[in-house]
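Here is a short briefing on one helix and the charged pairs of this model. Look at the structure first, then read on.

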Amino acid sequence: MKKVSIIYWSEYGNVELLATSIAKGAKDAGAAVVLKRVQEATVEDVTSADAVAFGSPSMDNNKVEQTEMEPFLKEFKLLPSNNKPTVLFGSFGWDDGAFMVNFKNIMSDYNFNVIGDVTVKETPNELELKKAEELGALLAK
Ligand SMILES: Cc1cc2nc3c(=O)[nH]c(=O)nc-3n(C[C@H](O)[C@H](O)[C@H](O)COP(=O)(O)O)c2cc1C
């Protein structure tokens with residue numbers, strides 16, 4: 001059974017909705033899923049997983065959330081992430097997804113294999129939640 005860890009930061013719940021849909025897709029496809037806010041996540045949640053998903057809103061001038069999410073991700077800069085299949089997800093208010101370009105570059109630099117992403121404006125709609133679910137299923141493969 002594949003282990004999929006989904007780790008996210010969310011204040012108002014938009015990113016959390018995407019996280020929940022990714023988790024559902026991965027579970028329905030047979031994976032063992034760890035779903036955690038970054039505040040509760042550990043490095044081992046990532047290193048022990050076969051595949052991972054990271055989520056954040058666009059914050060602080062179109063960046064990944066800077067006080068908790070970014071420092072957590074930075075821990076992997078010097079750790080082997082073995083090209084793990086990775087999905088990135090997030091929500092923005094006005095940047096039209098520019099933060100996701102930066103997010104993808106950072107995670108590729110840290111040697112994660114980004115196989116998909118979903119980026120939404122504020123609250124995800126049904127179609128976007130479906131896409132998140134499909135990405136969860138992809139991580140379970
Ligand atoms: C303090 C704060 C800073 C934000 N900064 C940005 C920003 O720089 N660029 C942007 O496009 N949206 C920005 N937003 C909008 C959020 O990215 C957007 O509302 C997102 O859906 C919030 O996700 P959440 O509901 O999971 O917390 C900001 C929101 C807040 C509250």
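Several elements cover the buried residues of helix H1, including strand S1 (3-8), strand S2 (32-37), strand S3 (51-59), strand S5 (85-92), strand S6 (113-121) and helix H5 (126-139). Helices (H or I, at least four residues) and strands (E, at least two) are DSSP runs, numbered from the N terminus. This is a predicted model: local features need pLDDT of at least 70, side-chain atom pairs count only at pLDDT 80 or more, and totals for chains, interfaces and linings use all residues. Residues are numbered from 1 along each chain as its sequence is written, and side-chain values use heavy atoms, without hydrogens and water.

**Helix H1**
- Its buried residues (under 20% relative accessible area, 1.4 Å probe, protein chains only; exposed is over 50%, partly exposed in between) include Val15, Leu18, Ile22 and Ala26.
- Gly30 follows H1 and has a positive phi, near 100°.

- The whole structure holds 5 salt bridges, each a side-chain nitrogen of Lys or Arg within 4 Å of a carboxyl oxygen of Asp or Glu.
- Lys24 pairs with Asp28, with the closest N and O atoms 2.6 Å apart.
- These two residues sit 4 residues apart in H1, about one turn of the helix.
- Lys24 is partly exposed at 42%, while Asp28 is exposed at 56%.
- Glu133 also forms a salt bridge with Lys24, at 3.7 Å.
- Glu133 lies in H5 and Lys24 in H1, so this pair ties together parts 109 residues apart in sequence.
- Salt bridges link Lys24, Asp28 and Glu133 in a network.

**Another salt bridge**
- Lys104 bonds to Asp117 in a salt bridge, with the closest N and O atoms 3.1 Å apart.
- Lys104 lies in helix H4 (residues 98-109) and Asp117 in strand S6, so the pair joins parts 13 residues apart in sequence.

Key. Contact = heavy atoms within 4.5 Å.
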